[in-house]
Amino acid sequence: MVAAEVAHLSSGWFLENAWLIGLIPAVGFAVIILFGKKLPMQGSEIGLGTLGASLVIATGAGIQWMQRTNSAEGEEAAAGVLRGIARSLPRVEEGGHAEPFIEPVTKTWVWWQNSGLEFGLGSSIDGLSVMLLWLVAFISLLVQIFSLDYVRGDRRYTHFFAAMTLFSSGMLIMVMADNMVQVILGWEIMGLCSFLLIGHWWEEEANAIAALKAFFTVRVGDVGLLVGTAILFFGANQYAVDNLDTNGFNLGAIQAWALSGEASTWTIVMAATALFIACIGKSGQFPLHTWLPDAMAGPTPVSSLLHSSTMVVAGVFLVAQVYPVFWEGFNIANGGLSFIAVIGGITIVISALLAFVQDDIKKVLAYSTVSQLGYMMLGLGTGAWLPAVFHIFTHAFFKCCLFLCAGSVSHSGSHHSFDMKKDMGGLRKYMPITFGAWVVSTLALTGVFPFAGFWSKDEIIDNVGNNGYTFLFWVGLGGAALTAGYMTRATYLVFFGEPRGAAAGEHHDEHDVHADDHQLVGAVPHSLSAAANDHGDDHDHADHGHGGHDDHGPHESGKLILFPIVVLAFFATVSGFSNATPLGESWEQFKKFVEPRPEAVAFDAIIATGPGESVQLVVPAVDEGGDDGHGEAADDGHSTGCGRGDPEAATACFFPAVVHAEPKFAKILLSLAVVAAGYAAAIAFCVAFYKKRDPRLVGLTERSRVARAGYLFLANKYYLDHLYEKVIVRGVAHPIADAAYWINQRVLDGAVNGVGEGGKRAGNWVYDNIDQKLVDGAVNGSGFVASESGHAMQPVQSGKVNHYGALLFGAAAVGAIVLVILNVS
Amino acid sequence: MLAVNFLLLGAVLFCIGVYGVLVRRNAVMVLMSIELILNAVNINLVAFSVMNGNLDGQVFALYVIAIAAAEVGVGLAMVLMIYRNRKSIALDELSEMKG
């Protein structure tokens, strides 16, 4: 059966030691916390160094993953064996071109054990995780470089870098996880760091409140993660133990179980719903998106790293990683209108609309992030796995760049204000590099050819339509037009027109500037460092910095701030070409390297590995006759294949066969036309409203009741915060509090009083009967017995050595007899 | 067979020692009886050691001899002090420990 010929997938040092990518920043965090303040750069060098090391390893791992994938292709081409060997079915939509499943490279150690279950900790590297590992390490490093200058002189400079490094570690640990427990570990580390960093300047009450809001809102969703993990474990454990020699926490086992057809529909629907609730919280989807705009209270690098490019895509990543569960649970294979797609579609539109009424540049970007995350969820919910994951990749570059540009503007152009209407305008003359990067990223975000967003977002929209979701297709297109609109508005307010407020060099009373928003970026370090005499250097620097702003007005930022922005703008321009579907198959690197192959793998081809070993998929050759069934199955087209029917006996699928849309020129033109229309309308509006002050538009919200109602509806964020705080929290909490008070007064107090009264009576009775008679009697009796027995035993203590000796030997003899009897019988 | 004889010898010596400890009044004789008991044990240990072909028993016997020497040293010193104080070493007169 199993021939001697065996195909090996290549592996390598970087792939097998990818766990170092997560470990190094974790160690770096500990070093910064313990020794950071004594180091010459106050710990920031440790953060940069550890992330640089992680980036190097992640790059190596990425290259070796590509080699591994290529080695499988090579084997196939050379021997032609793998197709039959891996029991693979041709990719249905591509005319039967079979590609073998590429086993992830796993290396784990037992973290802890409980009742026969082993919980591993380590790395499991496949295309998706290696892509995100590289992305997170890369963006984290750039943002930390940006932070060097941006938060210089901050009172908690060291803690800032410690928390940023810990966050990177948590995200990397989550991304490389091979089991749900490690996913939860990384997920919670990220939540903690998000809380710490949003509330970095907690002296301002608003920042502390925003941090709490973010934490609690995400926690609401996190309940779903625990519940979903538990459901998955109880559902998948038996299958995993029987077939894959692992347990129900293993991600691969969960994927295989979900596609095996053995899972009960009810279980998998419950698990998918619970997990997606967690993703709603983490990825800021409707209706739990309200925390994300408030999270902008944190420093700009935090918004840039956590709340736009990396942490908030954790939910998207989770959906992508355990995609088979959602695929089966929400019936995506058959075009079911899934929970994910609906939530994604709603999120795209509502948050894009909200972005129009924000005056705070960071909040515009925050709602934009929510909207783009909606696109990713929409893609995943409609079976467009690849474009959604690709959008994670491209979105990270241009959104991170936009946030850093916003930081650069506030740092050097608007005197630490983020208010577009009051303190910005006309900055393109003063900050040409920032302006250029902003424009490039904006074009990328709005999906203009040939920038990054065009290749990913339009692919999502195209695939949504191709998979039969016509309405959501138009929702996506509408969202693209809205994106163009609000980004034009923001660009106009910041960089065009006449300088206003701080951008015009006006000196604000700082409290005036910051009174109506919570971005007290400048005020806090300044006042703190002025108050704290133990940081002499910081004091000087901060004062110098502020003096510079006051004297010279807006100017371009320094090199440390511009370098990451320029790098990110470069990637925002070119990263789209890494999976440029319209240009042809050879451009689709993501499809080749990142998307798992939807091929069934024989159980006996999966080498179960113990802790501390890395996996190599050793594919045993199968005899010729074994292929007959496959040929027939392949002819059936859509009815077979992973995720479209149960896998054959003794095989497992790890990824469903998703459909890829064929790029059509007409659709590309349509989406470009929609974006262009959005731009044209927005530019016309901005010129008319902000520049010419067109009397028909100015004051429209005062004159028209419809416009006013719409504006208020948006300005109040659909009243969701009111709903949560006033209606739900109050509606739930107040009756509960009232009921609790009533119960407290009537039931509990009555019970307590009754119990007290009863206790008193019982006490009296006990005193009379038990204490006086029984206990005292027992005490006196035992004393009497002791006294009498003492008298009786007195003669034994004769004081004569002979008697003692006799007792000793007698006792020894009795003991010996007992021993003999016990042993004999 | 041979070992049984050794064990019988040990048992006889032990009984003589116990008898001596229990009935002799002279403290020195009691100490010598204790020596008999200890040596009875030694014989047993060596006998079992031979039976099992294991040297552990003989090693224990060496330990017992060393301990016995120390015990006799301490015991004789106490007897000497008792004699100096009371001009007698009759054990039945030593009843200060009577409870």
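**Notes on the predicted two-chain model**

1. Let's start with chain A as a whole: 52% of its 825 residues count as buried. Please keep in mind that this is a predicted model. Chain A holds 32 helices and six strands.

2. Next, the nonpolar cores. The largest one has 220 residues, and the members with the most contacts inside it are A:Leu133, A:Ala137, A:Leu275, A:Val316, A:Cys401 and A:Ala572. A second, separate core of nine residues includes B:Leu13, B:Val18, B:Val30 and B:Leu38. As general background, nonpolar side chains tend to be buried together in soluble globular proteins.

3. Leaving aside residues up to four places away in sequence, A:Cys401 touches A:Ala437, A:Ser441, A:Ile565, A:Leu568, A:Ala569 and A:Ala572. One of these partners, A:Ala572, is also on the list of residues with the most contacts inside the largest core.

4. Now to helix α21 of chain A, residues 470-495. Why is α21(A) described as largely enclosed by the rest of the structure? Because 22 of its 26 residues are buried. Its length also checks out: at 1.5 Å a residue the helix should span 38 Å, and its end C-alpha atoms are 38 Å apart, so the two agree. After the helix comes A:Gly497, which has a positive phi, near 75°.

5. A:Ala256 sits in helix α9 of chain A, which covers residues 251-259. Is A:Ala256 buried or exposed? It has 29 C-beta neighbours inside 10 Å and therefore counts as buried, the cut-off being 20 or more. Not counting residues up to four places away in sequence, A:Ala256 touches A:Leu244, A:Ala652, A:Cys653 and A:Phe654. A:Ala600 is 344 residues away from A:Ala256 in sequence, but their C-alpha atoms are 9.4 Å apart in space.

6. Across the pair, A:Lys107 stands opposite A:Ser123 of β3(A).

7. Finally, where the chains meet: eleven residues of chain B are in contact with ten residues of chain A. On the chain B side, the touching residues comprise six nonpolar, two polar and three charged.

Key
Residues are numbered from 1 along each chain as its sequence is written. Chains are lettered from A and ligands numbered from 1 in the order in which they are written. This is a predicted model: local features need pLDDT of at least 70, side-chain atom pairs count only at pLDDT 80 or more; totals for chains, interfaces and linings use all residues. Two residues are in contact if their C-beta atoms, placed from the backbone, lie within 7 Å. Ala, Val, Leu, Ile, Met, Phe, Trp, Tyr, Cys and Pro count as nonpolar, Asp, Glu, Lys and Arg as charged, and the others, Gly among them, as polar. A nonpolar core is a set of buried Ala, Val, Leu, Ile, Met, Phe, Trp, Tyr and Cys residues joined through C-beta atoms within 7 Å. A residue is buried if 20 or more other C-beta atoms lie within 10 Å of its own, exposed if 12 or fewer, and partly exposed in between; C-beta atoms are placed from the backbone. Helices (H or I, at least four residues) and strands (E, at least two) are DSSP runs, numbered from the N terminus. The expected span of a helix is 1.5 Å times one less than its number of residues. Two strands pair if DSSP finds at least two bridges between them.
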